[in-house]
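Subject: Structure handover and findings

Dear colleague,

I am passing on the structure below, followed by an account of what was found in it. Please read the notes on conventions along with the findings.

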Amino acid sequence: MEVVIVPDAKAGGELIAEAMAKLLGRKPGALLGVATGSTPLPVYEALAAKVRSGAVDVGRARIAQLDEYVGLPADHPESYRSVLRREVLEPLGIEMEQFTGPDGTAEDVQGACEAYDKALSEAGGVDLQLLGIGTDGHIGFNEPCSSLASRTRIKTLTEQTRIDNARFFDGDIDQVPHHVITQGIGTILEARHLVLLATGEGKADAVAATVEGPVAAVCPASALQLHPHATVVVDEAAASKLKLADYFRHTYANKPEWQGI
């Protein structure tokens, strides 16, 4: 696992957007896995700026969804399909035909989960999966004690996650669904490159557990330690509890420039 400490969220967004741009330069039809929430917004803003300047062509790029609320209509403003349309697809000029995600309104939720796993496999797998991290260490909606081998499935949200997400529902936790469809940890680990972005002091404990703690289901993000190409990008605040922060700074400062992240 590579840990990159950046000055702030904007710098992290630019670094990850550059990695995505280089990937699309090598593989124009790459499948990018995207996450929702406020943390990845600097990534999407930086990538959109590259598209506008002509530095990257996303005409053949494909987008895959990480998770979705169960029961919210696809056109609900806070369904993740709607959020990604506003924050990723439209700014990048990517058509819905280039997008794939789970059906959170399906009557057969388990069938929808299995269908999405199959769709990702048939698409050739995710080339780069962008991840955020919850204050409790969850990735996607794989809450603590999720199986590290789990596949796409329905999950019940913890009260803390619903509290954290209430800000997207006018601060009203009662509007936040109790259930979601999420790529499982085993599904996420099949992506060729995992990039986790964390910013702010509130994520510091989760980042430390992910990077320096044991691989344990109580911190689902710690499963990234098992991946052959995982990059954790954190700002100074999120890195504040890393014991090896100085080492991470040294290794990144002295890595070959051609290697990227």
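An open sheet is formed by 3 strands in the order β4-β8-β7, with antiparallel pairing (two strands pair if DSSP finds at least two bridges between them; strands are DSSP runs of E with at least two residues, helices are runs of H or I with at least four, and both are numbered from the N terminus). The edges are taken by β4 (67-69) and β7 (153-156), each of which has a single partner strand, so one side of each is left without a neighbour in the sheet. From one strand to the next the twist averages 30 degrees. Between β4 and strand β8 (residues 179-182) the antiparallel pairing runs over 3 bridges, and the bridge partner of E68 in β8 is I181.

As to provenance, this is a predicted model, in which local features need pLDDT of at least 70 and side-chain atom pairs count only at pLDDT 80 or more, while totals for chains, interfaces and linings use all residues. Residues are numbered from 1 along each chain as its sequence is written, and side-chain values use heavy atoms, with hydrogens and water left out.

Turning to the helices, the axes of α1 (residues 9-26) and α2 (residues 41-53) come within 7 Å and cross at roughly 55 degrees, where axes are lines fitted to C-alpha atoms, for helices over the stretch in contact, and angles run from 0 to 180 degrees between N-to-C directions. The two helices α1 and α2 are therefore oblique to each other (under 35 degrees counts as roughly parallel, over 145 as roughly antiparallel, 65 to 115 as roughly perpendicular, and the rest as oblique). In α1, residues including I16, A17 and M20 take part in the contact with P42, V43, A46, L47 and K50 of α2, contact meaning heavy atoms within 4.5 Å.

The axes of α2 and α3 (residues 80-92) come within 9 Å and cross at roughly 10 degrees, which makes α2 roughly parallel to α3. Here L41, Y44, L47, A48 and V51 of α2 meet E87, V88, P91 and L92 of α3.

Finally, the count of salt bridges comes to 13, each being a side-chain nitrogen of Lys or Arg within 4 Å of a carboxyl oxygen of Asp or Glu. One of them joins R151 to D117, with the closest N and O atoms 2.9 Å apart. This pair links distant parts of the chain, since R151 lies in the loop between β6 (128-131) and β7 and D117 in helix α4 (residues 109-122), 34 residues apart.

Best regards
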